[in-house]
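Student: I have a structure open on my screen and I'd like to learn how to read it. Could you take me through it feature by feature?

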Amino acid sequence: MTGIHGRRGPFTDGDTVQLTDPKGRMHTITLTEGGAFHSHKGKVDHADLIGRPEGSVVRSNTGTAYVALRPLLIDYTLSMKRGATIVYPKDAAQVLVEADIFPGARVVEAGAGSGAMSNWLLRAVGEHGMVHSYERRADFAEIARKNVERFHGGPHPAWRLTVGDLVESLDETDVDRVFLDMLAPWECLDAVAGALIPGGLVCCYVATTTQLSRVVEELREDARFYEPRSWETMLRTWHVEGLAVRPDHRMIGHTGFLVTARRLADGAEAPERRRRPAKGAYGKDYEAARAAGRAPAAGSADTAGSADTREAGEPARD
């Protein structure tokens, strides 16, 4: 069920259905002949849903009403079983846009974690693309496999899952995009550069500022990649009730940093990036930390005065 099949029409045996109660609590179930959903609000027989159109309202034997819908991928992602922490949907959306994941693309992902990002990548590349996911831990890989196959109704024709280390196991070439969600993505840059096509893109997802600094500086030092970009996104919902319109008290703040960089052609030498780092950015403290193994290598930077005062990674605007 990778396309429209399983996304339209009446509910059938085997469909994944999301039941939402009056308080907005969501329950994800898989319909089976003779099955039933049980909660403290009573029982809903699956037979009451099979054959009915999506968007129907069913009631439990105690009278509680549930809205029955097929789950959106964002709903499924937040409710599925987890091993490793998932890539949050707001970040997954940024990956698909900023990394330009297109139909038919060949994508390598490491690590697979719980399969959340695998599902988003598969949705973007379609049946004629390829997503090859690597995961070091066999238990996480099994969770990812089950989550992907449950959402798509079976094995996806465009997905391969390998249990193993990316550096040791990567055998792809002519890859369009690489997504790295791991503790030390800089350790994989040599393997990634060998797999990417000229103009291809690597996208790294890291949690801390120390990881962010390390991966950006390592990418700058590697002459096979062009100047990296880094950013994070935050999500704030709003309460709208009559005249009471205000931001919600809780928001989804920091979840991770994203870094992207493009692969240069073999033998190409990029012009030195004109940047004006903050005074002391690569000074004694930085060099001392690097000597102690706590800081990455400094990228080439024009520390002298420059007419170009853009921040690192900011695109030129004519």
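Predicted model: local features only at pLDDT ≥ 70, side-chain atom pairs only at ≥ 80, totals over all residues.

Student: Fine, cysteines to begin with. How many disulfides are there?

Tutor: A disulfide is a covalent bond between the sulfur atoms of two cysteines. Here the count is zero disulfides.

Student: On to rings. How many aromatic pairs does the whole structure have?

Tutor: The search turns up three aromatic pairs. One of them is Phe 37 with Tyr 66, which are edge-to-face, with 5.8 Å from centre to centre and 85 degrees between the planes.

Student: Where in the chain do Phe 37 and Tyr 66 lie?

Tutor: Phe 37 belongs to strand 3 (residues 36–39) and Tyr 66 to strand 6 (residues 65–69), so the pair links distant parts of the chain, 29 residues apart. As for cover, Phe 37 is buried with a relative accessible area of 9%, and Tyr 66 is buried with 1%.

Student: Which charged side chains sit over rings?

Tutor: Look at two arginines. Arg 137 lies over the face of Phe 140, 3.9 Å from the ring centre. Arg 229 has its charged end over the ring of Trp 231, at 4.9 Å from the centre.

Student: What should I look for in the backbone?

Tutor: The general idea is that most residues other than glycine have a negative phi, and most peptide bonds are trans. So look for departures from that. Here, Ala 110 and Gly 111 are joined by a cis peptide bond, with omega about -10 degrees. Gly 111 is in the loop between strand 7 (106–110) and helix 3 (116–125).

Student: Which residues other than glycine have a positive phi?

Tutor: Asp 100 is one, with phi about 55 degrees. Asp 100 sits in the loop between helix 2 (89–98) and strand 7, and is partly exposed at 43% relative accessibility. Asp 174 also has a positive phi, near 55 degrees. You'll find Asp 174 in the loop between helix 5 (166–169) and strand 10 (175–181), where its 53% relative accessibility makes it exposed.

Student: And the surface: which residues make a nonpolar patch?

Tutor: Val 57, Val 67 and Leu 69 do, and the patch covers about 200 Å². Leu 69 is part of strand 6 and is partly exposed, with a relative accessible area of 34%.

Student: Last one, helix 3. How many of its residues are buried?

Tutor: Start with the general idea: an α-helix has 3.6 residues a turn, so residues three or four places apart point the same way. Helix 3 is mostly covered, with nine of its 10 residues buried. The buried residues include Met 117, Trp 120, Leu 121 and Val 125. Just after helix 3 comes Gly 126, with a positive phi of about 75 degrees.

Notes:
Residues numbered from 1 in each chain as written. Heavy atoms only, no water. Disulfide = S-S within 2.5 Å. Phe/Tyr/Trp six-rings, centres within 6.5 Å; stacked < 30°, edge-to-face > 60°. Helix = DSSP H or I, 4+ residues; strand = E, 2+ residues; numbered from the N terminus. Buried < 20%, exposed > 50% of the residue type's maximum accessible area, 1.4 Å probe, protein only. Lys NZ or Arg CZ within 6 Å of the ring centre and 35° of its normal. Patch = residues over 30% accessible without salt bridge, like charges linked within 9 Å, V, L, I, M, F, W, Y side chains within 5 Å. Areas by Shrake-Rupley, 256 points an atom, 1.4 Å probe, with all protein chains shown as cover. Salt bridge = Lys/Arg side-chain N within 4 Å of Asp/Glu carboxyl O.
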